[in-house]
Amino acid sequence: MNDYSFISAPQLKRDPLGAYGHRDMTVSEFVPFVLGGATVLALAAATTQDLLHRRRNRRGLCAYCAEPLPSAERFRLEGRILCGRCASRAGRKIARALYALTAFVGAAVVAAPVFAFLIWRRHDPTWWLAFLVLWGVAATMALLIHSVLRSMKAQNVHAAQLERLDALLRLLGLR
């Protein structure tokens, strides 16, 4: 035996038969699939709900509980026609969400100087970014709240116009 017997050709690892090029998916590769799937499911559920609500409204029923709508007790929410009970419940849900988002905006505005001061005390030269980031988040949320409320109002106006047009077509006998 020679002294160089430990030096030999490198041993190649072989994959099991039928597993050529197969490897397990890492978490970072799996996350986009999970988030994409969740997004598709959420959009499908929202679209299905919207179609169901519109179908109920066309039949003269409350969009949420499917009870007949008396003509004196019709309320609009996001373009849907609701009975008084459902409108009251939905209004409370929207008010709670609005208060929660407003509290979040307020907390971001108040937290900005606190976090900036804590970062400044560590002698970090990027302390001022806390203001930009947190106030940017607060401004974005405030604009989002404003945009959603404006969109809801526009949907209600559009639905009212469509209902008036439908009533006119029925009156003229065209529908």
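## Basis

The model is predicted, with local features requiring pLDDT of at least 70 and side-chain atom pairs counting only at pLDDT 80 or more, while totals for chains, interfaces and linings use all residues. Residues are numbered from 1 along each chain as its sequence is written, and side-chain values use heavy atoms, with hydrogens and water left out.

Side chains of opposite charge can pair when their charged atoms come close.

One of the salt bridges joins Arg 54 and Asp 50, with an N to O distance of 3.0 Å. Both residues lie in helix α1, 4 residues apart, which is about one turn of the helix. Helices (H or I, at least four residues) and strands (E, at least two) are DSSP runs numbered from the N terminus. Arg 54 is partly exposed at 44% relative accessibility, and Asp 50 is partly exposed at 21%. In these terms, buried means under 20% relative accessible area, exposed over 50%, and partly exposed in between, with a 1.4 Å probe and protein chains only.

Asp 50 also forms a salt bridge with Arg 80, at 2.9 Å from N to O. This pair links distant parts of the chain, since Asp 50 is in helix α1 and Arg 80 is in strand β2 (residues 80-82), 30 residues apart. Arg 80 counts as buried, at 13% relative accessibility.

## The pair in helix α3

Asp 166 and Arg 170 meet in a salt bridge through their side chains, at 3.1 Å from N to O. The two residues are 4 residues apart in helix α3 (residues 129-172), so about one helical turn separates them. Asp 166 is buried, with a relative accessible area of 18%. Through shared partners, salt bridges join Asp 50, Arg 54 and Arg 80 into one network.

## Asn 57

Asn 57 is placed in helix α1 (residues 27-58) and is buried, at 17% relative accessible area. A polar atom of the Asn 57 side chain lies 2.9 Å from the backbone nitrogen of Ile 81.

Apart from neighbours within four places in sequence, Asn 57 is in contact (heavy atoms within 4.5 Å) with Cys 62, Ala 63, Leu 69, Gly 79, Arg 80 and Ile 81. Arg 80, one of these contacts, is also the salt-bridge partner of Asp 50.

How values were computed:
Polar contact = N/O pair within 3.5 Å; in protein donor to acceptor, adjacent residues only side chain to side chain. Salt bridge = Lys/Arg side-chain N within 4 Å of Asp/Glu carboxyl O.
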